[in-house]
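Hello,

Here is the structure I promised to pass on to you. Please open it and keep it beside you while you read the rest of this email.

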Amino acid sequence: DTAGAEEAARAVLTHDPMNKPAMATAFQLAQSRGDFTSIRLPLERAIDTNDRSVMHLNWMAIVRESEGDLDAAEQLLRRALEANPDHGGSMANLGAFYTRQGRAAEAVRVLERALRLERDNLEARVNLATALGMSGRYAQAIEEFETIVANGHQSPGVFNGLARACGESGDSAVSGEYS
């Protein structure tokens, strides 16, 4: 009952804009629709209440990026890391943002730090493998993707990334195994 879940989440957020489970529910539903307009005002209220709430800053960064405001999205992610410099999720999000913007070298630095702090951060590892591949560091990208697979995370996206890194490195035989 997604409509009921959204209605309940909105009711909670009306009284408590900082409620993370309710915000997570509302955010996920908005994201699944591909329309963040319904979540923007509740996020603004939450950030007005606590401008150092790491999760709310991350969620708002995603909203702002979807609106095409890349400068604001980056600033929100940086603010989240100022509030908690060791937050692996924020580093993974900032690294993914840099990767999407073609800033692979910056992404690699952020994501390597994320993995030094949280070795099992799957999102950071996937983003790192992608950024390494984008920067032409195929052997390292392959190693990261193989680590992901060895840890039991076998999704089409991971295999596609691995196949691409193998192919770009000139190993078309291995690339064909994963594609």
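Below is what I found, starting with the whole chain and ending with one residue.

Please keep in mind that this is a predicted model. The secondary structure of the protein chain consists of 11 helices and zero strands. If you trace the chain from the N terminus, you will read its elements as α-α-α-α-α-α-α-α-α-α-α.

For the overall dimensions, picture a box of roughly 55 × 35 × 30 Å along the principal axes, which the C-alpha atoms of the protein chain fill. The protein chain has 179 residues, and 42% of them count as buried.

Contacts tell you how the chain meets itself. Taking those between residues at least 6 apart in sequence, 45% join residues at least 24 apart.

Next, the charges: there are 18 positive and 26 negative side chains in the protein chain. The centres of these two sets lie 4 Å apart.

Finally, have a look at Asn 93, which you will find in helix 6 (residues 88–100). Is Asn 93 buried or exposed? Asn 93 counts as buried because its relative accessibility is 18%, and the cut-off for buried is under 20%. Leaving aside residues up to four places away in sequence, Asn 93 touches Asn 58, Leu 77 and Glu 123.

Enjoy exploring, and write back with any questions.

Best wishes

Definitions and conventions. Residues are numbered from 1 along each chain as its sequence is written. This is a predicted model: local features need pLDDT of at least 70, side-chain atom pairs count only at pLDDT 80 or more; totals for chains, interfaces and linings use all residues. Side-chain values use heavy atoms; hydrogens and water are left out. Helices (H or I, at least four residues) and strands (E, at least two) are DSSP runs, numbered from the N terminus. Buried means under 20% relative accessible area, exposed over 50%, partly exposed in between (1.4 Å probe, protein chains only). Contact means heavy atoms within 4.5 Å. Lys and Arg count as positive and Asp and Glu as negative; His and the chain ends are not counted. The place of a charge is taken as NZ of Lys, CZ of Arg, CG of Asp or CD of Glu.
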